[in-house]
Amino acid sequence: MVPFGQVWAGREEQTGSLRNLVRAVADGHGGSVLVEGEPGAGKSALLAGVAEEAGRLGCRVVEGAADELGQRFPLGAVLDCLDDSESGAPRRARVVASLYDGGARSASTHDPLAAATEELIRQVDDWCAASPVVLIMDNLQWADEGSLRVWQRLDETARDKPLLLVGASRAGADGDRLAALRASVSAHGALLTLAEFTEEETARLVTDTLGAAPTPRLLRRLAGAGGNPYYIRELLATLVRHGAVDTSSGRAELATEGAADDEPPLAPASLTERLQFLTPQALHVLRTAALLGSDFTFRELSGLLESDRDELWNHVDELKSAAVIDESRGQLRFRHQMLRESLYGSLPGSVRSAMHVQAAKVLEREGAMPRRVAQQLLPVLEQPDAWTVSWVVRNISALVHRAPGVAVELAGRVLDRLPPGSADAEHLRGTVVTGTALLRRPGAAEQVRALRDRTKNVEYQAELTFLLVLGLMQEGRIPEGLAEVDEALKRYADVPATELTFLGLRSFLVWAFHRFDEAEEVARRVVERTRTLACPTGEAYARYTLGHLALRGRDYQTSLREIETGIEVAEDSDDTVELRIGMLLMGSYVSAVIERVDHAARLLDRARTLSQHSPGRRPWVHVVAAWFKYRIGQWDEALDDLHIDPGQPMPTDPWLPIMMRGISALIEAARDRWDSVDEHMDAVAGVHLDPHIPHNQASHLLLTRSLTAERTGNQTEALDLLLPTLDPELAASLDNRYQWMPDIVRLALAVGETAHALAAVEAADMEAERVPEDGYRRAAAQRSRGLFETDPEPLTAALAYCERLGYLPFLGHTHEDLAAVHAQKGDPDSARVHLQRAVAVYQALGAQWYVARADARLRALGVRRGHRRAGPASRTKSGWDSLTPAEVKVALLVAKGLSNPQIAAELLLSPRTVQTHVSHILGKLGMRSRTDIAREAAGRARDTRP
């Protein structure tokens, strides 16, 4: 038996409820409980814990489990459960005889089932007269009708005797048969539903299992288990067994070699054994469905199986009832991706290959998107048949812009089956080149140029020239790109739509070349001409250019308007996928700056979705997401977005490595991990703020260099590295320089450079005045002025903004600055309070170097924290003080009556993350509802009033 202490993490609440019920029955107070959950949710483990605890407390424990094969035998389940060798054997024999052997019947009835029921209830009553009884029945969904009636009868009177009924059933199974029992238990006892694990609960399970907290990458891989605890444990065990999990750093992370995202699949037996309750026919349907992918339609499944549709529906209903698949908007879906992978792996290779080709034909017949057909063909391309070759030739053009990686692989595999020099072969070779360019692979521009120069088709030449210019841009070869565009404008002057496309692209190139007036003139000319001649690509590039120009002028509303217009006009154009991703990301950034946080998140989600079909642009999405997460203090998630696997080529866009390394290095510096900082800095050691690298994207790198100097005690050098941001010319391209102004003020005052400090205050004020709708700029200006003037008031205003928006790094720095100002003004008590709060924020971020800097800074002013905690591990584990800063913010918003989606929008989090925080808060505070949280928060507010 499994003691409660060994039930896996994530089921603590249910464990506590069951423990209380067991203790109550041991004291003579009966009750009942029904535990429901899908297979693998932990029902059996909880029942085992109940049995162990009840036995320890001196209760009679009677256990049993219904059997699917026993449903046709009246009272079979309850008879097996009540077969107690001490006193039940004679009575059980009489019951069996009355049911099956024509034995003596009750004098009051001719119904043997009713007589047997009364006899069994009397047996339980006799047991209860002697001692408390805990009656446990698993798999109630398979219990016969008679056993369910006995259980319901016992449930109706359990509270009148020392009897605890603990039943378990599979969620969603036999709803009609269990409805009466469920209603009875709901009225007299308790229903416990074992929901899917949240990410927080999964993390606790990993921590308990491995002794190390998981990184976001490992959690994302475990998400394939769909929140099912059993599947999570199996997947984790397999990853560990294959050496795919590394805990040497103190955290559980996916190993960088061998199994990062493509580790060996689970041994099928470890999962399929959990499906033995399915009929063989339903299991066959499930294995076949695994071939179609995570999502599929009934028509596709029917076409692949070639079976009777009514019969197939019955099997699908069985799978839905078993919570293995579900249905939404006409689509069937595996609930657990890991289960699908395991079932897929259990198919013999030869069978799988034949079924893939058949599935491809079915999908094409059903009108599926080319991408889904291609997914079926990729695994069988070693020896493509004639149908596959024909399909690839016919559909490759539709694939290349939406899934360039897939298109390149398909074309490359099929080329060998085509006659050299044939039209089809040349078409596929062109697709390989186009896909290579869209994937942003090194050398792609020259491949496109070579193909362009030898093609005879004028329209195809124009398409390849456009692609060539994009490749030159991504490699930073702006002058060459501009020359190609100017040549194309001459060549296609008599083709208005083509000329307008290149003219729109030219506006963007000229902007990138810092010829801003000319860029605006060209862009506006394009927009004017598209009023009478539709040209989505040309207009989208022109709008993109105008958006950048407005951003440079700090006109964020106009910038967002131009960007969103560009997104709209390019929406239906396949050849603008990459441009749309860029515009969505820019719109997301601008929206965040003007505090339209929910809108920013939506645009970022759209970009992330679109980038699934454009691998070359995926790093863009990860970098912008990391910028958001850095800003709000989700640093582990930011590092996860910025992770680069060994052997993975760095993006060819010059600015991407700078920003990726800069954000990563800045986080690692704050966390006092200087070896990692050196690694990131060495990777971009030769980078300077040159004209072809947008300065915003180098700002994190700049601050990291300053922090590195400050760490060595050289505050003058640290200041000198930041001073160029005060340059008015540089400021035009550095619209986020306001973030670093408080650091300049702090460092300048520390080394006696008052003039530089004043210049930074004035620059911060100017930035805030230029964009009054940006509260972050205003807070940076307030923080800068408060430091310079040794005035707590503007710093307090900045603090209120940070607390409201949840910008944790800025919040910690503001508390630190307030502590320093209070100390300078002779108020050590207030200084100590803000120092402790700054340290609490820094520790939540893991920013140990910031902790050390704050301590040293305040120590020089005569202020110490007092008792020093070791860090996050020593934080109080319960009560209000145990809440992290993020949890406090969520609790306060719960107290205001906000729903989880509203809190998510307010804090730039997902609703699921908010739910995790709420669950964590309830656990730490020992509470059961949001009302309890609100009451506690209100009490805290009253306690802290002056």
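This section describes the fold content, cores, sheet, aromatic pairs and selected residues of a predicted model.

The protein contains 47 helices and 11 strands. Of its 946 residues, 54% count as buried. Among contacts between residues at least 6 apart in sequence, 68% join residues that are at least 24 apart. The number of disulfides in the structure is zero. C59 has a relative accessible area of 9%, and C802 has one of 0%. Both values fall under the 20% cut-off, so C59 and C802 are classed as buried.

The largest nonpolar core comprises 145 residues, and L505 and Y850 are those with the most contacts inside it. With neighbours within four places in sequence set aside, the contacts of L505 are F466, V469, L470, M473, V485 and Y541. In soluble globular proteins, nonpolar side chains tend to be buried together.

Burial was also examined along one helix, α19, which spans residues 404-414. Its buried residues are P404, A407, V408, L410, A411 and V414. The elements that cover the buried residues of α19 include α17 (370-377), α18 (386-400) and α20 (423-438).

An open sheet of three strands was found, with the order β6-β8-β7 and mixed pairing. β6 (213-214) and β7 (245-246) are the edge strands, each of which pairs on one side only. The pairing of β6 with β8 (residues 251-254) is parallel and extends over two bridges. P214 has A252 of β8 as its bridge partner.

The search of the whole structure for aromatic pairs returned 20. One of these is the edge-to-face pair of Y738 and Y776, with 5.8 Å centre to centre and 70° between the planes. Y738 is located in the loop between α36 (728-731) and α37 (741-750), whereas Y776 belongs to helix α39 (residues 775-789); the pair therefore ties together parts that are 38 residues apart in sequence. Y738 and Y776 are both buried. A further pair is formed by Y801 and Y807, whose ring centres are 6.0 Å apart; the planes are at 50°, so this pair is tilted. Y801 counts as buried because its relative accessibility is 8%, and Y807 counts as buried because its relative accessibility is 5%.

An aromatic cluster is made up of F466, Y492, F502, F508, W511, Y541 and Y544.

Two arginine side chains were found over aromatic rings. The charged end of R340 sits over the ring of Y344, at 5.9 Å from the ring centre. R783 lies over the face of F810, and its distance from the ring centre is 5.1 Å.

Two residues other than glycine were noted for positive phi values. Phi of H514 is near 65°. H514 is placed in the loop between α24 (496-512) and α25 (516-529). With a relative accessibility of 34%, H514 counts as partly exposed. R554, which is not a glycine, has a positive phi of about 65°. The loop that holds R554 runs between α26 (536-552) and α27 (556-569). R554 counts as buried, since its relative accessibility is 2%.

S664 is part of helix α32 (residues 655-670). Its relative accessibility is 4%, so S664 counts as buried. Apart from neighbours within four places in sequence, the residues in contact with S664 are L639, L642 and H680. E487 is in helix α23 (residues 478-491). At a relative accessibility of 38%, E487 counts as partly exposed. The C-alpha atoms of E487 and T465 are separated by 9.8 Å, and the two residues are 22 apart along the chain.

Technical notes. Residues numbered from 1 in each chain as written. Predicted model: local features only at pLDDT ≥ 70, side-chain atom pairs only at ≥ 80, totals over all residues. Heavy atoms only, no water. Disulfide = S-S within 2.5 Å. Buried < 20%, exposed > 50% of the residue type's maximum accessible area, 1.4 Å probe, protein only. Core = buried A, V, L, I, M, F, W, Y, C linked by side-chain atoms within 4.5 Å. Contact = heavy atoms within 4.5 Å. Pairing = 2+ DSSP bridges. Helix = DSSP H or I, 4+ residues; strand = E, 2+ residues; numbered from the N terminus. Phe/Tyr/Trp six-rings, centres within 6.5 Å; stacked < 30°, edge-to-face > 60°. Lys NZ or Arg CZ within 6 Å of the ring centre and 35° of its normal.
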